[in-house]
Amino acid sequence: MVASDSLRRVTLAELVATLSLMADLGMGRPMERALRQTVVAMRLGAAAGMDGAACASAYYTSLLTWVSCAVDTSEVAALFGDEMEFYAETRDEDLGGGTLAVFVARHLGRGKSGFHRIGMVGKFLATARRSVQRVMAEHCQEASDLAGQLELGPAVCEPLLQAFERWDGKGVPGLTGADGLAPAIRLVQLADSIEAFHHTGGAEAALRVARERRGTQFDPGLVDCFCAGHAEILDGLGGISSWDEVIALDPQLGTALTGDQLERALGAFADFSDLKSPLRLGHSRAVAELSAQAGATLGLPAADVVMLRRAALVHDIGMIGIPSGVWDEPGEWSISPRERARTHPYLTERMLARMPLLGQVGHCASLHHERLDGSGYPYGLRGEAISLPARILGAADVYNALRQPRPHRPAFQAGDAERTMRDEVRAGRLDGDAVKAVLQAAGHRIRQRAGLPSGLTAREAEVLVRLGQGRSNPEIAAELHVSRKTVSSHLEHIYAKLGVKTRTEAALFAMRHGLAGAAGESGT
């Protein structure tokens, strides 16, 4: 059970910091890089004498600047191959004007044939670099739109539009520079490089890159401030708990989100996770609607339905940590990409675990690929080890995925999707009741069986038929993916309801009332 008020006690800072962890994963960067970058930005802002409003703007701008780069990566991967490798190399050079053009041309078409790469470079030059500039501009717009959805206002939305601008005016789209840059983005750009070079080369490397790019990429005044106070700004950076420090710096002083605000924020998480692969557009929100309706149909308490819906919204955020090339592969996965893909539920749980009040949401979300027969992942759970909400989420995820196209197949028609779902129930992988409720939520007409005799439940009827067929208690438990104790409890209820004392009497009752042969069907 989940207390509904506990799910509301989450701060905006915690959610935005979680988004920054997603950005680190998606860009192949060390975990908590954006958090450490934010600590640097806040220390540098204080040293530079920036007022509270400017520092608050820098706080949220820093946490959100690279989120879109991490999620909307299909086009980046199409241009440059593995987007994580590409992003890692962007830190090494001062990329402005002609230097940026050379860098992009050098990386275009990586992993493809020489002939294909020559064609891509030619197109890049012929279109005056518009394809790459468009991708960068879209990333800025998406981050700004996300800040708007999170109600952060112009103080954050506007700096995010300048993420790729530069002090010398040679950035993208190249519309401003110098004092035209928002103070927040100036802080973030310098803090980003300081953290990256400090992480790999210490204080001297951070000082060197700041001085080398003074007046080109970075605000000279901020560089001078950093060089003068670098010891304090970098103090303990490698050993602090970045999450704790960033949350402690929360400009809103830990103000909790309302239930509606949390719902909208998790909806933004859903949209961003679906951006990782274009064919998944709207998948997470659709799974959330199916899951919530199915959960209500199956009688889950209201608080559990809320938890289930939220778990469905975020169930795929771990996908962001896997290269787009894996999700967009048109053929069958080989072992390596398959194993990478199978880590995404674990990544989902790991990211949400930073917020204890969403821990159960994250755990439920991480189980959407578990299967009753133990064939699922990431934990290989079986039977009753998979909670009813997780079974519902798994069924809703499968159904909506079937109804959408994927790189290796077209979308299933409704009837074909229903047949596939029922096949999964018969194979013992999906829960029959969960599938039935999901199909009903999706608008399928569900064949209703006439009321069962003597007040038997559907599950008791399944146990009764198997009992009549001569199965032992352990065999019934294995077939229905329940514990032996649960089977014994069902049998006690069956004997009491039927007024019988022997297996033979129970078998005769099943045959006389038309139950024989129905095992495995009542849940579908």
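## Confidence

This is a predicted model, and its chain has a mean pLDDT of 84, with 84% of the residues reaching 70 or more.

Two stretches deserve a word of caution. Across residues 1-8 the pLDDT stays under 50, and the model gives them 22 contacts beyond four places in sequence. Residues 517-524 are also below 50, with 17 contacts in the model beyond near neighbours in sequence. Where pLDDT is low, the predicted coordinates aren't something to read in detail.

## The largest pocket

Now for the open space. The largest pocket holds about 950 Å³. It has 30 lining residues, and the ones closest to its centre are Trp 333, His 369, Tyr 377, Ala 401 and His 408.

Which helix gives the most to this lining? That's H21, with four residues. Helix H17 (324-327) and helix H22 (414-426) join H21 in supplying at least two lining residues each. Sorted by class, the lining of the largest pocket comes out as twelve charged, nine polar and nine nonpolar residues.

## Cysteines

How many disulfides does the model have? The count is zero. Take Cys 225: the closest cysteine sulfur belongs to Cys 227 and lies 9.4 Å away, so the two are too far apart for a bond, given that a disulfide needs the sulfur atoms within 2.5 Å.

Cys 225 counts as buried because its relative accessibility is 18%, which falls under the 20% cut-off. Cys 157 is buried as well, at 15%.

## Ser 57

Ser 57 sits in helix H3, residues 52-64. Is this residue buried or exposed? With a relative accessible area of 8%, Ser 57 is buried. Leaving aside residues up to four places away in sequence, Ser 57 touches Ala 155, Val 156, Pro 159 and Ala 184.

Methods
Residues numbered from 1 in each chain as written. Predicted model: local features only at pLDDT ≥ 70, side-chain atom pairs only at ≥ 80, totals over all residues. Heavy atoms only, no water. pLDDT = per-residue confidence, 0-100. Contact = heavy atoms within 4.5 Å. Buried < 20%, exposed > 50% of the residue type's maximum accessible area, 1.4 Å probe, protein only. 1 Å grid on protein atoms, 1.4 Å probe; cavity = no way out; pocket = protein on both sides within 12 Å on 5 of 7 lines; lining within 4 Å. Points joined across faces, edges and corners; volume = space filled by probe spheres on them. Nonpolar A, V, L, I, M, F, W, Y, C, P; charged D, E, K, R; others polar.
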